[in-house]
Amino acid sequence: WGPYRTTASCGASYFLTIVDDFSRAVWIYMLVVKSEVERVLRNFFAMVKRQYNKNVKIVRSDNGMEFTCLDGYFAENGMIHHTSCVRTPQQNGRVERKHRHILNVARALRFQANLPIEFWGECVLTAGYLINRTPSKLLGNKTPYECLFGETPSYKHIRVFGCLCYARDVNRERDKFANRSRRCLFVGYPFGKKGWRLYDLENGDYFVSRNVVFSEDEFPYADASA
């Protein structure tokens, strides 16, 4: 998907969505340029093999060069590559519908917190995270996460996206008269870390912290525009 007219905070103008046909689980990768797709897909196939002990058998995509350039790799690894006909996106309808689903959720997250458009990347990634943990009728009211891992996901760490929060700052505790916390915006769930991704409202830094106090009924950007 993309390019979008506004660059995301991470520098990306595109995002790649991968949908598992069985579980409907989604993986979203932010991309600066389309040429990154080849590297991302190769790494994804390796991850699937190592983490799930499965081999990807079929890849469905549109006719973009970022996909067709991998035809040799697909053939070498015994994968079948299905592509949609030109100007017929409905032939790749499952991922097209998933794109709409992701964007609908991402817009709702941004509108609720009244975030500037530069946060669209964080909205998209968080949308994917929440979709994977939302029950679906197509899956017998199970979540994609449950179908993928065989266990129900935990919701204890879920917080209201875009809300005001305060992260403990160890460095400031050395100064007896300094603030003991950083005033932040909650912007998502980092991969591979037991913490929350935050945006420092004072200096504009992104960081991950576990020691956070949330004020889930306050939205800094919404309050500022009121």
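**Entry 1: the helix α4**

I began with α4, which has 21 residues and reaches 31 Å from its first C-alpha to its last, close to the 30 Å expected at 1.5 Å a residue. I note here that the model is predicted. I then looked up which residues of α4 are buried, and found Gly93, Val95, Lys98, His99, Ile102, Leu103, Ala106, Leu109 and Ala113. As background, I recalled that an α-helix has 3.6 residues a turn, so residues three or four places apart point the same way. After α4 comes Asn114, whose phi is positive, near 55 degrees.

**Entry 2: the nonpolar cores**

I recalled that nonpolar side chains tend to be buried together in soluble globular proteins. Which residues have the most contacts inside the largest nonpolar core? They are Phe186 and Leu198, in a core of 34 residues. Two or more residues of this core come from each of β2, α4, α5, β5 (164-168), β6, β7 and β9 (212-215). The largest share, six residues, is given by α5. Apart from this core I found another, of 18 residues, which includes Ala25, Phe44, Phe67 and Phe74.

I also listed the contacts of Leu198, leaving out residues up to four places away in sequence. Among the residues Leu198 touches are Cys165, Ala167, Cys184, Phe186, Tyr206, Phe207 and Val212. Asp205 and Ser209 are also touched by Leu198.

**Entry 3: the largest pocket**

I found about 1400 Å³ of space in the largest pocket. Its lining has 44 residues, and those nearest the centre are Tyr129, Tyr189, Pro190, Phe191 and Gly192. By class, I recorded 23 nonpolar, twelve polar and nine charged residues in this lining. Which element gives the most to the lining of the largest pocket? It is α1, with seven residues. Other elements that supply at least two residues each include α5 (120-131), β6 (181-188) and β7 (196-200).

**Entry 4: the second largest pocket**

The volume I noted for the second largest pocket is about 1200 Å³. This pocket is lined by 42 residues, with Ile18, Val19, Asp20, Ile58 and Arg60 nearest its centre. The lining divides into 23 nonpolar, eight polar and eleven charged residues. Here α4, the helix of my opening entry, gives the most to the lining, with seven residues. Among the elements that supply at least two residues each are β1 (14-19), β3 (58-61) and α2 (65-68).

Conventions:
Residues are numbered from 1 along each chain as its sequence is written. This is a predicted model: local features need pLDDT of at least 70, side-chain atom pairs count only at pLDDT 80 or more; totals for chains, interfaces and linings use all residues. Side-chain values use heavy atoms; hydrogens and water are left out. On a 1 Å grid over the protein atoms alone, a cavity is a set of points where a 1.4 Å probe fits but cannot get out, and a pocket is an open set with protein on both sides within 12 Å along at least five of seven lines; lining residues have an atom within 4 Å of a point. Grid points are joined across faces, edges and corners, and a volume is the space filled by probe spheres set on the points. Helices (H or I, at least four residues) and strands (E, at least two) are DSSP runs, numbered from the N terminus. Ala, Val, Leu, Ile, Met, Phe, Trp, Tyr, Cys and Pro count as nonpolar, Asp, Glu, Lys and Arg as charged, and the others, Gly among them, as polar. A nonpolar core is a set of buried Ala, Val, Leu, Ile, Met, Phe, Trp, Tyr and Cys residues joined through side-chain atoms within 4.5 Å. Buried means under 20% relative accessible area, exposed over 50%, partly exposed in between (1.4 Å probe, protein chains only). Contact means heavy atoms within 4.5 Å. The expected span of a helix is 1.5 Å times one less than its number of residues.
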